[in-house]
Amino acid sequence: MSTIQDISTFLQKGRAKNVKALVQQALDENEDPKVILNEGLLGGMVIIGEKFKNNEVFVPEVLVAARALNAGLTILEPKLVEVGNEPVGKVVIGTVKGDLHDIGKNLVAMMLKGVGFEVTDVGVDVPPETFLEKAEEVNADVICMSALLTTTMPNMGATIELLQEKGVRDNYIVMVGGAPVNEKFAEQIGADYYTPDAATCAEVAKKAVQEK
Ligand code: B1M
């Protein structure tokens, strides 16, 4: 078996230590970091996601697989992120209230750092008030919200409403994303941009700040 396949296999078993060591091994073997990410780490998570949907595995197994993925990402991050010298701007990023999914959000944060943003990650289960307070505190250019559940998507809208209420909506570029989110929803809630993946989010954020 190849190292990439091993990463996927051990991730599915939730073996964080092995995943970390294998990601390092793959880098030592000069594997492309994007292949390690997309085929090894995310490939393993896609399989777990399918099994979860089909009731073949349950929350605990998914949780340990997610921890293993995040562990692998810590090794991969310096290779995926080649930070430029010029700071592009400041971003506050988090997963919205009620939602604990952080893998996609972490990837977006990583890519934003990669294109030169200073990133403040407010974590998961983030209420609208926290997005607002942090954005004001760090004088952010962009607020990025992630949601993975159809039930938590409306909290993106609630955050935008709060920004409007406080009269600061126009101070920020608001970006939304996550598996159930789409362009139409972003428009409905008054977000500035929806992007489907981490790399696109980073590119669009950079362009938007430069054009601001
Ligand atoms: Co959950 N979960 N989960 N889960 N989980 C999903 C999302 C689900 C689709 C699984 C399923 O049923 N098929 C389903 C949601 C159904 C729905 O609402 N439509 C689901 C459910 C139901 C639940 C629970 C309710 C289960 C339960 O308790 N019965 C529960 C909810 C907990 C909560 O949040 N309150 C729950 C819990 C969990 C775990 C804790 C076990 C774990 C999360 C661990 C963690 O994140 N640390 C987990 C996981 C891992 C998943 C799946 C399997 C994988 C998600 C993932 O990390 N994907 C997921 C199934 C699936 O998506 N196939 C599932 C990899 C990641 C890289 O992709 O996050 O989509 P993603 O990010 C992408 C893009 O979306 C985009 O960029 C990334 C790619 O570059 N993106 C952005 C993300 N944010 C962005 C922001 C942007 C732009 C792009 O701009 C700002």
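**Reading the model**

Modeller: Let us start with a loop: Asp125 lies between strand E2 (117–121) and helix H6 (128–138). Please keep in mind that this is a predicted model.

Biologist: What is the phi of Asp125?

Modeller: The general idea comes first: most residues other than glycine have a negative phi. Asp125 has a positive phi, near 55 degrees, and is not a glycine. Asp125 counts as partly exposed because its relative accessibility is 38%. A second case is Asn55, with a positive phi of about 60 degrees although it too is not a glycine. Asn55 is found in the loop between H3 and H4. With 55% relative accessibility, Asn55 counts as exposed.

Biologist: Let us turn to the ligand. Which residues come nearest to it?

Modeller: There are 33 residues around the ligand, and Gly98, Leu100, His101, Asp102 and Ser146 come nearest. By class, this shell has 20 nonpolar, 9 polar and 4 charged residues. Several elements each supply at least two residues of the shell, among them helix H3 (33–53), helix H4 (59–80), strand E3 (142–146) and helix H9 (198–211).

Biologist: Which protein atom is the donor to the cobalt atom of the ligand?

Modeller: The cobalt atom has a single donor from the protein, NE2 of His101, at 2.2 Å. His101 is found in the loop between strand E1 (89–95) and H5. The side chain of His101 also has an N or O atom 2.8 Å from a nitrogen atom of the ligand.

Biologist: Is Lys105 buried or exposed?

Modeller: The cut-off for a buried residue is under 20% relative accessible area. Lys105 has 3% relative accessibility and therefore counts as buried. Lys105 lies in helix H5. Leaving out residues up to four places away in sequence, Lys105 touches Ile93, Gly94, Thr95, Asp121, Gly123 and Ser146. Ser146 is also one of the residues that come nearest to the ligand.

Biologist: How should I read Gly72, and what does Gly72 touch?

Modeller: Gly72 is placed in helix H4, and its 0% relative accessibility is why it counts as buried. Not counting residues up to four places away in sequence, Gly72 touches Val19, Lys20, Val23 and Leu41. The C-alpha atoms of Gly72 and Ala21 are separated by 8.2 Å, with the two residues 51 apart along the chain.

Biologist: How many residues has the largest nonpolar core?

Modeller: In soluble globular proteins, nonpolar side chains tend to be buried together. Here the largest nonpolar core has 46 residues, and Leu41, Leu112 and Phe117 have the most contacts inside it. H4 gives the largest share of this core, 8 residues. A second, separate core has 26 residues, including Phe131, Leu132, Ala186 and Ala191.

Biologist: Which residues are in contact with Phe117?

Modeller: Apart from neighbours within four places in sequence, the contacts of Phe117 include Val88, Val91, Leu112, Val142, Ala202, Ala205 and Val209. Gly89, Lys90 and Lys206 are in contact with Phe117 as well.

Conventions. Residues numbered from 1 in each chain as written. Predicted model: local features only at pLDDT ≥ 70, side-chain atom pairs only at ≥ 80, totals over all residues. Heavy atoms only, no water. Near = heavy atom within 4 Å. Polar contact = N/O pair within 3.5 Å; in protein donor to acceptor, adjacent residues only side chain to side chain. Helix = DSSP H or I, 4+ residues; strand = E, 2+ residues; numbered from the N terminus. Nonpolar A, V, L, I, M, F, W, Y, C, P; charged D, E, K, R; others polar. Buried < 20%, exposed > 50% of the residue type's maximum accessible area, 1.4 Å probe, protein only. Contact = heavy atoms within 4.5 Å. Donors = N, O, S within 2.8 Å, 3.2 Å for Na, K, Ca; no water. Core = buried A, V, L, I, M, F, W, Y, C linked by side-chain atoms within 4.5 Å.
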